[in-house]
Amino acid sequence: MQVLGIETGKDLRNLSLVILQQHFGKSAAHYYNICRGIDHRPVNSHRITKSVGVETTFQQDIKSRQEILRHLQELLDKALQRTADKQLVAYTLTVKIKYHNFVQITRSRTLPYTVTKDAELLEKLIKNTGIGENSVRLLGITLSSLENKLINYRFQQTDLFRDF
């Protein structure tokens with residue numbers, strides 16, 4: 001595409017189907033249609049949820065460690081609510097921190113039990129990240145290693161009686 005001077009969708013849209021067929025063969029029709037917003041493939045709205053994330057960008061950067069922890073806890077609460085709404089539980093918690101200079105840090109922990117509203121875990125994840133020293137412009141929380149809540153509950157019930 002670079003040889004033909006195609007660097008953007010607009011560049012692609014300016015070429016005729018005949019020109020595209022000369023250079024791309026069978027793929028030409030796909031390129032021709034897709035840059036015009038034509039796509040007849042069925043929409044699959046029933047994908048398996050692999051993670052649930054929430055983040056917030058601040059109007060003004062924040063620096064206070066307590067304020068950052070408060071926002072992280074609020075984001076964790078939202079993410080936990082979204083997983084609960086989908087009848088899921090999570091075993092991995094990821095914290096995303098983007099500083100005023102756009103340096104981004106992520107810290108993640110996979111637990112042997114489901115993620116809950118655990119302020120101690122948040123504290124451990126942000127330890128040694130520069131929180132409280134540098135201004136933060138964005139915070140995010142992602143929950144992953146998801147499992148269906150009903151399956152998890154049944155497993156725990158079965159597990160309780162294993163020793164009897």
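Helices (H or I, at least four residues) and strands (E, at least two) are taken as DSSP runs and numbered from the N terminus. The model is predicted, so local features need pLDDT of at least 70 and side-chain atom pairs count only at pLDDT 80 or more, while totals for chains, interfaces and linings use all residues. Residues are numbered from 1 along each chain as its sequence is written, and side-chain values use heavy atoms, with hydrogens and water left out.

A nonpolar core is defined as a set of buried Ala, Val, Leu, Ile, Met, Phe, Trp, Tyr and Cys residues joined through side-chain atoms within 4.5 Å; buried means under 20% relative accessible area, exposed over 50%, and partly exposed in between (1.4 Å probe, protein chains only). The largest such core comprises 27 residues, and L93, V136, L139 and I141 have the most contacts inside it. At least two residues of this core come from each of β1 (51-62), α4 (65-85), β2 (88-99), α5 and β4. Helix α4 supplies the largest share, 7 residues. A second, separate core has 5 residues, including I6, L12, L20 and C35.

With contact meaning heavy atoms within 4.5 Å, and with neighbours within four places in sequence left aside, L139 touches V54, E55, T56, F58, I62, I68, H71, L72, L75, K96 and I97.
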